[in-house]
Amino acid sequence: MTDAHSAGILPCQNIEDLIAQEAITSQTPFDVDQVQPASLDLRLGARAWRVRASFLPGLGRRVTERLRDVAMHELDLTRGAVLEKGCVYIAELQESLALPGNVSARGNPKSSTGRVDVFVRLLTNYSRAFDDVGAGYEGPLYMEIAPQTFSVLVRSGTRLNQLRLKRGEPAKLSIRSVGVDLSPGMGGIVGFRGRRHAGVVDLDHEDGHDPRDFWEPLETRHGELLLDPGEFYILASKDDIEIPVMEAAEMTPIDPSVGEFRVHYAGFFDPGFGTEEALAVGSKGVLEVRSHETPFLLEDGQTVARLVYEPLTARPARLYGEGGSHYQRQGLKLSKHFKAWS
């Protein structure tokens with residue numbers, strides 16, 4: 001059932017309608033798999049700039065105007081470029097928006113981006129906040145990219161983030177706690193820690209990297225894990241996660257009430273994730289964890305994040321995982337760039 005006036009997250013068919021109406025345009029033709037059940041993948045454009053500082057343009061200023069103050073040098077992404085860890089970059093995206101007055105949007109890293117500890121945030125002209133796109137926005141899109149653990153190879157067309165579009169101000173349907181699983185499973189591995197001096201990760205090369213060159217496996221005998229400041233961890237949720245077909249969810253990235261660490265860079269969960277209807281019961285949430293200034297002792301089952309559920313305006317024409325997904329029915333799992341751990 002569809003309510004053309006209801007507030008909620010737009011499903012894939014409505015996103016495709018916006019593309020057909022040229023409310024969403026691109027410098028190159030859209031990829032056939034670019035529209036997800038309740039989000040749109042965004043692609044890097046031709047240029048990026050190494051900058052000396054992150055910034056927000058603020059009211060009355062365009063991103064390109066602020067770039068003049070902070071840009072150090074320009075990179076040609078059509079030939080591929082390595083973005084070095086510890087550096088900050090601004091990249092233009094191929095997609096642009098001319099949103100209706102009642103439609104706003106929000107950006108978030110894709111799961112594969114967060115799992116290699118690449119911090120990305122969406123930028124628009126005149127914005128005073130990262131990732132949020134105001135209703136009726138018309139103009140280009142940019143992305144701030146800050147690799148944290150690994151240097152990464154990207155090129156024009158690489159997908160690092162995604163856009164969720166919504167009509168009005170949808171109500172929060174529920175907020176659920178997410179606990180961490182530190183009980184040893186098969187093989188005794190409870191998580192992975194990124195190696196500090198690893199090589200470059202090619203973000204368009206699936207199953208192309210030996211995980212042992214980039215990750216250290218973690219074991220625990222007592223159901224506890226000490227998080228070291230500045231280190232990056234891949235862990236899994238204690239309980240299965242399910243996103244009903246008429247809902248979408250976002251995992252809150254920072255919640256000071258649960259500890260001094262950041263959980264889950266990639267916060268969007270599309271409808272159908274982990275559901276029986278999508279033949280995916282038993283899917284875990286993968287947690288990308290980075291401790292802050294102090295060491296923190298995690299215990300098995302401890303709450304580490306919150307999932308916020310919102311309604312869709314209509315049932316999506318397809319569910320998460322239809323046509324294949326690297327992360328449906330997942331347990332503890334590294335990003336798609338790595339071969340299976342063995």
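Is Glu231 buried or exposed in this predicted model? At 13% relative accessibility, Glu231 is buried. The legends below return to this residue and its partner.

**Figure 1. Overall view of the predicted chain.** The protein chain holds 3 helices and 25 strands. Its C-alpha trace spans about 55 × 50 × 35 Å along the principal axes. A compact globule of 342 residues would have a radius of gyration near 20 Å; the chain has 19 Å, which agrees. Of the 342 residues, 55% count as buried. The accessible surface comes to about 14,800 Å², and carbon and sulfur atoms account for 47% of that. Take the contacts between residues at least 6 apart in sequence: 83% of them join residues at least 24 apart.

**Figure 2. The open sheet around strand β25.** Four strands are arranged in the order β14-β25-β20-β22, with antiparallel pairing. Strands β14 and β22 (268-269) stand at the edges. Each has a single partner strand, so one side of each is left without a neighbour in the sheet. Strand β25 covers residues 303-311 and is mostly covered, with 7 of its 9 residues buried.

**Figure 3. Strand pairing on β25, residue by residue.** Strand β14 (residues 174-179) pairs with β25 over 6 bridges, in the antiparallel sense. In the model, Ile175 stands opposite Val308 of β25. Strand β20 (residues 247-251) also runs antiparallel to β25, and 5 bridges join the two. Ala248 has Glu310 as its bridge partner in β25. Met251 has Leu307 as its bridge partner in β25. In a regular strand the side chains alternate between the two faces of the sheet.

**Figure 4. Nonpolar cores and the surroundings of Trp215.** The largest nonpolar core has 49 residues. Those with the most contacts inside this core are Leu44, Ile145, Leu165 and Trp215. A second, separate core has 26 residues, including Phe261, Phe273, Leu287 and Leu298. Sequence neighbours within four places aside, Trp215 touches several aromatic residues, among them Phe150, Phe192, Phe232, Phe338 and Trp341. Its contacts also include Arg115, Arg193 and Arg195. Gly194, Ile234 and Leu334 are in contact with Trp215 as well. In soluble globular proteins, nonpolar side chains tend to be buried together.

**Figure 5. Salt bridges Asp132–Arg106 and Arg121–Glu144.** The count of salt bridges comes to 29. Asp132 pairs with Arg106, and their closest N and O atoms are 2.7 Å apart. Asp132 lies in strand β10 (residues 132-133) and Arg106 in strand β8 (residues 103-109); the pair links distant parts of the chain, 26 residues apart. Both ends are partly exposed: Asp132 has a relative accessible area of 39%, and Arg106 has 28%. In the other pair, Arg121 and Glu144 have their closest N and O atoms 3.0 Å apart.

Figure 6. Arg196 forms a salt bridge with Glu231, the closest N and O atoms being 3.0 Å apart. Arg196 is partly exposed at 48% relative accessibility, whereas Glu231 is buried at 13%. Side chains of opposite charge can pair when their charged atoms come close.

Key. Residues numbered from 1 in each chain as written. Predicted model: local features only at pLDDT ≥ 70, side-chain atom pairs only at ≥ 80, totals over all residues. Heavy atoms only, no water. Buried < 20%, exposed > 50% of the residue type's maximum accessible area, 1.4 Å probe, protein only. Pairing = 2+ DSSP bridges. Core = buried A, V, L, I, M, F, W, Y, C linked by side-chain atoms within 4.5 Å. Contact = heavy atoms within 4.5 Å. Rg over C-alpha atoms; globule rule 2.2 N^0.38 Å. Areas by Shrake-Rupley, 256 points an atom, 1.4 Å probe, with all protein chains shown as cover. Salt bridge = Lys/Arg side-chain N within 4 Å of Asp/Glu carboxyl O.
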